[in-house]
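Here are my comments on the model you sent. They go from the overall picture to individual contacts, in numbered points.

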Amino acid sequence: MKTSYLKSKKRMKFALLFFIPMAIVLVGCAGSQVPLSPPGAVSVDRQLIGIWVETNSALESKTDKMTIYQFNDYEYLIEYLPKSTIETDLLRLRAYTTTVNTILFANVQCIECDDDNDYTFFRYELTKQDILEIRPVKT
């Protein structure tokens, strides 16, 4: 299943959201205790930095919102807020990119989750139309 997010011109981005919803995927799926690779192989892509809103709900008053920050040269801090929840349900995630045969994968870890320190993986692509397409990868 693919989600899309779009990025706006005012540092807000609307794109194909890979968090469909991220909360369900991270909390409801068994992840991996081992990442695809250690961080440091792929530098941060500055085009990913900003606020992203799910394209399917861009016209709705409430949408899934994801804000991607650069944490260091190789890692991102992601704040994800599902549309049907309150501010206290904000998920904070650590992510970095691994490239396998020119395909980009995000290694994602929940920062403040109680028991789950596992990695969840997503295949992603940033299109020419400034749309971020994200698909969860089964482990």
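This is a predicted model: local features need pLDDT of at least 70, side-chain atom pairs count only at pLDDT 80 or more; totals for chains, interfaces and linings use all residues.

**Notes on the model**

1. Hairpin of strand 8 and strand 9. Five residues separate the two strands of this hairpin, and among the residues of the hairpin Asp 130 has a positive phi near 65°. Strand 9 covers residues 132-137 and runs antiparallel to strand 8, with six bridges joining the two. One of the bridge pairs sets Arg 123 against Arg 135 of strand 9.

2. The mean pLDDT of the chain is 76, and 66% of the residues reach 70 or more. Residues 9-21 need caution in reading: pLDDT stays under 50 there, although the model has 80 contacts beyond four places in sequence for this stretch.

3. Overall make-up. In sequence order the pattern is β-β-α-β-β-β-β-β-β-β. Of the 139 residues in the chain, 43% are buried. The accessible surface is about 8,100 Å², and carbon and sulfur atoms account for 53% of that surface. Among contacts with a separation of 6 or more, 51% are between residues 24 or more positions apart.

4. Strand 6 to strand 7. These strands pair in the antiparallel sense over eight bridges. They form a hairpin with two residues between them, and Asn 101 in the turn has a positive phi of about 50°. Val 100 is found opposite Ile 103 of strand 7.

5. Strand 7 to strand 8. Strand 7 spans residues 103-110 and strand 8 spans residues 119-126; the two are antiparallel and share six bridges. Phe 105 has Arg 123 of strand 8 as its bridge partner, and Val 108 stands opposite Thr 120 in strand 8. Arg 123 is also the residue bridged to Arg 135 in strand 9. How enclosed is strand 7 by the rest of the structure? It is largely enclosed, because six of its eight residues are buried.

6. Nonpolar core. The largest nonpolar core has 19 residues, and those that touch the most other members are Met 66, Ile 68, Tyr 76, Ile 78, Leu 93 and Leu 132. Two or more residues of this core come from each of strand 4 (65-70), strand 5 (75-81), strand 6 (91-100), strand 7, strand 8 and strand 9. In soluble globular proteins, nonpolar side chains tend to be buried together. Beyond its neighbours within four places in sequence, Ile 68 contacts Leu 48, Ile 49, Gly 50, Trp 52, Tyr 76, Leu 77 and Ile 78.

7. Salt bridges. There are two salt bridges in the structure. In one of them, the side chains of Glu 75 and Arg 94 meet at 2.6 Å, N to O. Glu 75 belongs to strand 5 and Arg 94 to strand 6, so this pair ties together parts that are 19 residues apart in sequence. Glu 75 counts as buried because its relative accessibility is 10%, under the 20% cut-off. Arg 94 is partly exposed, with a relative accessible area of 22%.

8. The other pair. Arg 92 and Glu 79 meet through their side chains at 3.2 Å, N to O. Arg 92 in strand 6 and Glu 79 in strand 5 are 13 residues apart, and the pair links distant parts of the chain. Buried or partly exposed: which applies to Glu 79 at 18% relative accessibility? Glu 79 counts as buried, since the cut-off is under 20%. Arg 92, at 29% relative accessibility, counts as partly exposed.

9. A loop residue. Tyr 74 sits in the loop between strand 4 and strand 5. Its relative accessible area is 34%, so Tyr 74 is partly exposed. Not counting residues up to four places away in sequence, Tyr 74 touches Gly 40, Ala 41, Val 42, Ser 43, Val 44, Ala 95 and Tyr 96. Asp 45 is 29 residues from Tyr 74 in sequence, and their C-alpha atoms are 8.7 Å apart in space.

Methods:
Residues are numbered from 1 along each chain as its sequence is written. Side-chain values use heavy atoms; hydrogens and water are left out. Two strands pair if DSSP finds at least two bridges between them. Helices (H or I, at least four residues) and strands (E, at least two) are DSSP runs, numbered from the N terminus. Buried means under 20% relative accessible area, exposed over 50%, partly exposed in between (1.4 Å probe, protein chains only). Contact means heavy atoms within 4.5 Å. Accessible areas come from the Shrake-Rupley method with a 1.4 Å probe; for residues, only the protein chains shown count as cover. A nonpolar core is a set of buried Ala, Val, Leu, Ile, Met, Phe, Trp, Tyr and Cys residues joined through side-chain atoms within 4.5 Å. pLDDT is the predictor's confidence in each residue, from 0 to 100. A salt bridge is a side-chain nitrogen of Lys or Arg within 4 Å of a carboxyl oxygen of Asp or Glu.
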